[in-house]
Amino acid sequence: MADATIRHSPTISPPLDARPRRAARIEGSRWTPYLFVAPVVLYLLLLQGYPLLRELMLSFTQTSLLTPQQSTFVGVRNYSELMARPDFWRVIGVTAVYTVACVIIAISLGLGAALLLDRPFLGRGIARALVTVPWAAPPIAVATIFAWMLNAQYGIFNHVLKLFDLDIGYENWLDNPRLALPAILFTTIWQIFPFSSVVLLAALQGVSDEVREAAQIDGADRLNIFKVAVWPTIRPTVALLALFVTIWSLRRFDLIWVMTQGGPIGATKTIVIELYSRAFVSRELGEAAAVGMVGLSIALVVTLVYFWRTHQAEKAEGRR
């Protein structure tokens with residue numbers, strides 16, 4: 001019997017590229033996210049949280065600007081006195097009118113300008129650059145210039161009205177209780193609507209050309225194209241822009257103070273102007289802090305409503 005020859009086939013190693021690789025760990029340490037978030041949290045706690053906490057504590061005291069170290073705890077007396085004063089509710093009303101008007105008019109004009117700048121025409125690049133000039137101008141300079149333009153003796157507004165025999169008979173726009181707030185609104189909107197136009201113009205660049213062309217092929221006019229193709233794309237941007245303009249309007253101080261200082265007869269006194277007046281004119285820091293906390297509460301309510309509406313819209317989109 002012949003011995004069987006057993007041949008062993010050599011073991012062939014798979015190529016290096018075919019070997020299973022160990023998945024690379026790209027997330028790093030589990031503390032990495034906290035490391036990146038820590039500077040922001042520290043900044044918010046030191047420069048935002050602590051001052052707000054001090055303001056909240058100050059609002060429950062009677063403190064004078066002349067002797068800030070001598071504080072007397074009065075509980076909610078500052079808040080109850082604010083709510084019992086009719087002039088403070090007038091301040092809330094002026095703030096609401098000013099804020100709502102700024103949001104609606106500034107965003108509407110910004111959207112109109114953005115739609116025009118989105119269309120091709122000769123010199124579009126120059127027009128897009130020029131529209132940002134009012135937003136780049138310093139608010140103090142804008143307020144000073146418009147105060148002169150609204151002056152009865154030297155102002156160009158009254159001069160133009162007289163050319164068209166529309167002399168309204170008032171010495172100064174900013175001295176009239178009925179015209180002061182519209183003048184402030186006109187100045188504010190002139191400065192902030194370019195920001196809305198630039199933001200909305202950027203949003204319009206994200207609208208798909210295929211969707212617009214499909215709507216045109218279906219015979220839709222410009223209004224229906226805007227409703228079907230443009231508005232659903234830019235609606236989140238409009239909502240976020242409305243939140244920003246609302247918060248900025250609630251806290252706007254420099255322009256209003258330079259032009260009217262809250263007058264005449266409180267016609268342009270907003271919450272921020274009321275806070276400044278109580279702190280540095282009446283020298284009552286406790287009452288000023290209470291006014292500031294009321295303004296902060298309004299801003300928080302607006303922000304929470306925005307996020308709630310955004311969450312509801314996302315849930316509605318998820319069901320479709």
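Which side chains meet in a salt bridge at 3.6 Å, N to O? Keep that in mind as we walk through the structure; we will select the pair at a later stop.

**Before you start**

This is a predicted model, in which local features need pLDDT of at least 70 and side-chain atom pairs count only at pLDDT 80 or more, while totals for chains, interfaces and linings use all residues. Residues are numbered from 1 along each chain as its sequence is written, and side-chain values use heavy atoms, with hydrogens and water left out.

**Stop 1: the whole protein**

Show everything as a cartoon and you will find 13 helices and two strands. Helices (H or I, at least four residues) and strands (E, at least two) are DSSP runs, numbered from the N terminus. Of the 320 residues, 33% count as buried. Here buried means under 20% relative accessible area, exposed means over 50%, and partly exposed lies in between (1.4 Å probe, protein chains only).

The protein exposes about 21200 Å², and carbon and sulfur atoms supply 65% of it. Such areas come from the Shrake-Rupley method with a 1.4 Å probe; for residues, only the protein chains shown count as cover.

**Stop 2: helix H1**

Select residues 32-58, which form helix H1, and pick out Leu46. Leu46 counts as exposed because its relative accessibility is 54%. Leu46 also belongs to a nonpolar surface patch of about 1000 Å², made by Phe36, Val37, Val40, Val41, Leu42, Tyr43, Leu44, Leu45, Leu46 and Leu47. For a patch of this kind, residues need over 30% relative accessible area and no salt bridge, and nonpolar side chains (Val, Leu, Ile, Met, Phe, Trp, Tyr) are joined within 5 Å.

**Stop 3: helix H3**

Next, select Thr95 in helix H3 (residues 86-118). Is Thr95 buried or exposed? Thr95 is buried, with a relative accessible area of 3%. Leaving aside neighbours within four places in sequence, Thr95 is in contact (heavy atoms within 4.5 Å) with Leu250, Thr270 and Ile271.

**Stop 4: helix H8**

Move on to residues 180-204, helix H8: its 25 residues reach 35 Å from the first C-alpha to the last, close to the 36 Å expected at 1.5 Å a residue. That expected span is 1.5 Å times one less than the number of residues. Zoom in on Ile192 to see a kink of about 35 degrees, shortly before the proline Pro194. The bend at a residue is the angle between axes fitted to the seven residues ending there and the seven starting there. H8 is mostly covered, with 18 of its 25 residues buried.

**Stop 5: the salt bridges**

Side chains of opposite charge can pair when their charged atoms come close. The structure holds six salt bridges, each a side-chain nitrogen of Lys or Arg within 4 Å of a carboxyl oxygen of Asp or Glu.

Start with Glu81 and Arg77, which meet in a salt bridge at 3.7 Å, N to O. Both lie in helix H2 (residues 77-84), four residues apart, about one turn of the helix.

Now for the pair from the opening: the side chains of Glu274 and Lys269 meet at 3.6 Å, N to O. Glu274 counts as buried at 6% relative accessibility, whereas Lys269 is partly exposed at 23%. Arg278 is buried, with a relative accessible area of 5%.

Terms used
Patch = residues over 30% accessible without salt bridge, like charges linked within 9 Å, V, L, I, M, F, W, Y side chains within 5 Å.
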